[in-house]
Amino acid sequence: MKYLVPKADIPDKLYITLTALSFALLLALWSGLTYSGFVPVLFLPAPDQIITSAITLFAEFNLFDDILASVGRVTAGFVLAAGIGVPLGVLMGSLKVCEAFAEPLLGFIRYMPASAFIPLFILWLGIGESEKVAVIFFGTFFQLTLMIMDVTKNVSQALIDTAYTLGVSRSAVFWRVILPSSMPGIVDTLRITFGWAWTYLVVAEIVAASSGLGHMIMQSQRFLKTSHIIVGIIIIGVIGILIDVFFKGLYKKLFPWMGKGGGV
Amino acid sequence: MTDKLVIDNVSKIFSDKGQQVTALQNTSFTVTQNEFITILGPSGCGKSTILKIIAGLEEPSSGKVLLDGREIKGPGSDRGMVFQSYTLFPWLTVQQNIEFGLDVAGKAKSERQDIARHYLEKIGLTGFENAYPSNLSGGMKQRVAIARALANDPQVLLMDEPFGALDAQTRTVMQELLLTVWEESHKTILFVTHDVDEAIFMGDTIYVMTARPGKIKARLKVPLLRARTYDMKLADSFVDLKKQALELIREESWKTANSNM
């Protein structure tokens, strides 16, 4: 089998077929377990029941508002994390004094679980929107900043030296070389960490939320609406992959100069 | 003839994990205006360190470097540099790379474009203005890097094994191309290499360096006329000088090899 050689390329058609196959297999497994009656509906509803539930949720339970509320929270928390984390990470990656000051502290805090901070956030921020945004911020900010630092550290010293010999001053080297050179890495880091921000959504909406996908899921748990829970989970997955596709498109559009495979 | 560049008793000591390594020891030489100097030495002899000190990218541990009588305190656009590794800015097109230094200097767009067009033609890359470096071959990248350095019109051009990463054929082509471009401006050039043929073919004067700690071992005048042509590589005077240089380098390479064993 020539396609089983490590790192060998495969035709696009085969790639897409294999991807479709994995989804089809999951659906087939799901259908087999449910339509045969092997798994009770309470544990796992059949695919058509999920579709019916989704329609009901959109039509009667304002699921769209929940989606908007969740997207708003995740975006707010993430934008806040990125707004502080990107400039801070760039500084930490280029100036040793900034690294020495912030890296050990951030590295320490990032191992503290965001969910464990929820009682404190409630105490400090109350149970309004800011508490939920805080959980998402806390869940992403530290990792994001450290990843941006690493991206910036990888900027080639030779490029910086070249810029100096072409007349660039020590301060201008930030926006002349370091920033444009790390932009692809920054956008890629944002893509990955936005995904993480989504995974903190349900945790953030556990407490005193009156809207949002996480809230909907927790409500459905109370009434044992298994199908609603699954609809909520699938929607979070779909939004996640849409954002991923968006960032990948943005990457291609912004960085036409990146060679194939990311090499330069 | 005036002294363009004076390297005055320069030493450089690196400390690495408490160990002190002398890369360069009491090195002195002068470079005349419009001279093409090649610096020939075994690997690790500190020849790149000299260039970095002249460029202002490294500080000497002792001694000083004077350009037009003024001591060098840091990097500046009056000393252009071409590196062995590919250092084109990957996010800029060929044209934007060549214009980079002019843009930093705040030159008007039309002037930048004129200069870039001139050098694009010189290096034979007209038509590649809008290509990104990732689409260029190694030789093309180095041609653009040379154009970028020259477009800035530096007082001195420092070249750190610029063709070291290229294959032998491309290398020969690049040597001739650089000489053609040089004939036009006769810019003062310091060209570091470990290739004896290259050092003779390109230079007016060759400084041969010792193994670490590096210092000047010999100064050889190249008796060949300008403009150089590739068949000069077979001339008796070329071959004689090559024998002499090879002998000098061989001694130093053995020293390095033995000290590493």
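A residue counts as buried if 20 or more other C-beta atoms lie within 10 Å of its own. Keep that cut-off in mind for helix H1 of chain B, where Lys47(B), Ser48(B), Thr49(B), Ile50(B), Leu51(B), Lys52(B), Ile53(B), Ile54(B) and Ala55(B) are buried. The model is predicted.

**Chain A**
- Chain A has eleven helices and zero strands.
- Along the sequence, the pattern reads α-α-α-α-α-α-α-α-α-α-α.
- Along the principal axes, the C-alpha atoms of chain A fill a box of roughly 75 × 60 × 30 Å.
- Chain A has 264 residues, and 33% of them count as buried.
- Take the contacts in chain A between residues at least 6 apart in sequence: 72% of these join residues at least 24 apart.

**Where chain B meets chain A**
- Here 14 residues of chain A are in contact with 22 residues of chain B.
- On the chain B side, strand E6 (79–82) and helix H2 (94–104) are the elements that give two or more residues.
- That side of chain B has 13 nonpolar, eight polar and one charged residues.

**Helix H1 of chain B**
- How many residues of helix H1 (residues 47–55) of chain B are buried? The count is nine of the nine, so the helix is largely enclosed by the rest of the structure.
- The buried residues of H1(B) include Lys47(B) and Lys52(B).
- Gly56(B) follows H1(B), and its phi is positive, near 85°.

Definitions and conventions
Residues are numbered from 1 along each chain as its sequence is written. Chains are lettered from A and ligands numbered from 1 in the order in which they are written. This is a predicted model: local features need pLDDT of at least 70, side-chain atom pairs count only at pLDDT 80 or more; totals for chains, interfaces and linings use all residues. Helices (H or I, at least four residues) and strands (E, at least two) are DSSP runs, numbered from the N terminus. A residue is buried if 20 or more other C-beta atoms lie within 10 Å of its own, exposed if 12 or fewer, and partly exposed in between; C-beta atoms are placed from the backbone. Two residues are in contact if their C-beta atoms, placed from the backbone, lie within 7 Å. Ala, Val, Leu, Ile, Met, Phe, Trp, Tyr, Cys and Pro count as nonpolar, Asp, Glu, Lys and Arg as charged, and the others, Gly among them, as polar.
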